[in-house]
Amino acid sequence: MAEKADPRIKFGILGCISIARLARAIASSTSATLHAIASQQQHSADEPAGFSPVEGVAAKKLYGSYEELLDDEEVDAVYVALPTSHHARWAAEAARRGKHVMVEKPPALDLEALTEIVEACEGSGVQFMDATMWLHHPRTVAMKAFLSDQEAFGEIKEMHTSVTFKVSPSFLKNDVRVKPDLDALGALGDAGWYCIGSILWAADYRLPRTVTALPGTVFNEAGVIMSCGASLQFEGSFVSTFQCSFLSSMTMDMVANGSKGSLRACDFVLPFDEARASYYTSSGAWFLEGLAGWAPSPVEHAVATDRQQVVFMVEEFSSLVKGIKRDGVKPDLKWPEISQKTQLVVDKVKLSIDRGGGRQCRNLIGLVLLVFFAIIVNFLFLL
């Protein structure tokens with residue numbers, strides 16, 4: 001009797017940087033299996049079958065080059081876990097070889113590089129998705145339902161987000177996210193991607209009218225962003241701000257204010273508790289008599305789950321791949337659109353910073369010179 005074919009989507013992973021969480025999610029998913037891992041730093045060609053650089057996770061094959069993995073006809077989908085500067089080359093090549101593509105965020109250094117990936121995916125009819133996990137959590141669906149409730153929340157007016165974490169001296173010296181040749185976006189690409197993505201998510205992916213970097217951008221000696229913020233102004237009265245940093249204590253805050261209500265999540269990127277993710281809403285609040293307080297108090301909503309959000313992401317991606325591969329369904333274009341719009345705003349923030357909009361004055365003399373220059377420009381304009 002012929003062996004029954006495995007219905008699970010077979011993943012291949014390019015690179016070994018921080019892949020443990022995704023590898024374990026694939027292994028625990030009922031819809032996917034980890035087929036192969038490719039590392040340019042393979043220790044030996046004689047590694048036994050099932051070897052994996054991730055403790056507790058077995059991959060059927062280990063390749064010593066990325067090309068070998070992409071040549072494996074059994075691989076259905078590829079997760080690109082390489083430094084951001086290598087995403088465009090290898091994600092596009094994977095797509096051209098008919099592999100469905102999931103890319104670690106940020107998916108590219110700029111919109112031009114991301115467009116190269118997306119066009120390769122579209123040309124080959126394969127699914128693209130970046131690995132922004134929080135978008136796949138059931139809590140995110142519940143929060144979006146509240147923001148869409150015209151009676152409870154009303155029209156969105158303001159949104160403020162922050163994703164920060166204080167890294168170690170070793171990180172600041174050795175991590176790929178501080179190296180200009182590997183990931184020139186630094187904190188903006190790593191933590192800022194979540195901030196910008198959440199703002200666009202709340203805005204139904206409308207793009208902002210203006211993007212302005214806030215003062216105080218901090219760079220390392222190599223010129224990579226370690227901390228920055230920006231203001232995004234949308235059509236109408238919706239304005240948002242964000243702050244991202246490798247230098248401040250841990251925050252993952254999202255606060256959205258509407259004309260009738262508000263929403264807050266203190267851990268929107270990564271829930272405190274894998275089994276229970278909370279958010280708070282308030283509607284119709286006002287001052288109590290005599291300014292003794294305000295009411296009603298915010299209400300906590302808890303969303304219980306039986307798996308991590310990364311598993312939800314793997315299962316959603318695998319479901320899309322199955323539909324394309326076995327049922328002839330077209331790729332879901334929502335995911336590349338979300339990535340491209342987020343990348344575009346990242347580019348605009350970076351441009352504003354590069355133009356001096358977010359640079360921190362190092363001393364009082366620098367500030368005086370800036371003021372003097374502005375006075376001269378205004379004087380010449382009035383002549």
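Start with the lining of the second largest cavity, which by class has 7 nonpolar, 1 polar and 2 charged residues. The model is predicted. To show this lining, select Val-118, Cys-121, Glu-122, Val-126, Gln-127, Phe-128, Pro-331, Asp-332, Leu-333 and Pro-336. Helix α4 (residues 111-124) gives the largest share, 3 residues. The space inside is about 50 Å³.

Pro-336 is one of its buried residues, and others include Trp-335, Ile-338, Ser-339 and Thr-342. After α10, stop at Gly-356, where phi is positive, near 100°.

Now go back to Ile-338, Ser-339 and Thr-342, which also line the largest cavity. The elements giving two or more residues to it are α8 (192-202) and α10, with the largest share, 4 residues, from α8. Colour by domain: at least three lining residues come from each of domain 1 (2-134 + 310-329) and domain 2 (135-309 + 345-354). By class there are 6 nonpolar, 5 polar and 1 charged residues. The volume is about 70 Å³.

Finish at Asp-306, in the loop between β17 (299-304) and α9 (309-327). Is Asp-306 buried or exposed? Its relative accessible area is 63%, so it counts as exposed. Show side chains here: that of Asp-306 makes a polar contact with that of Arg-307 at 2.7 Å. Then pick Ala-275, 31 residues from Asp-306 in sequence but 6.0 Å away in space, C-alpha to C-alpha.

Note on methods
Residues are numbered from 1 along each chain as its sequence is written. This is a predicted model: local features need pLDDT of at least 70, side-chain atom pairs count only at pLDDT 80 or more; totals for chains, interfaces and linings use all residues. Side-chain values use heavy atoms; hydrogens and water are left out. Buried means under 20% relative accessible area, exposed over 50%, partly exposed in between (1.4 Å probe, protein chains only). A polar contact is a pair of N or O atoms within 3.5 Å; within protein, one must be able to donate a hydrogen and the other to accept it, and residues adjacent in sequence count only if both atoms are side-chain atoms. On a 1 Å grid over the protein atoms alone, a cavity is a set of points where a 1.4 Å probe fits but cannot get out, and a pocket is an open set with protein on both sides within 12 Å along at least five of seven lines; lining residues have an atom within 4 Å of a point. Grid points are joined across faces, edges and corners, and a volume is the space filled by probe spheres set on the points. Ala, Val, Leu, Ile, Met, Phe, Trp, Tyr, Cys and Pro count as nonpolar, Asp, Glu, Lys and Arg as charged, and the others, Gly among them, as polar. Domain bounds come from an automatic or database domain assignment.
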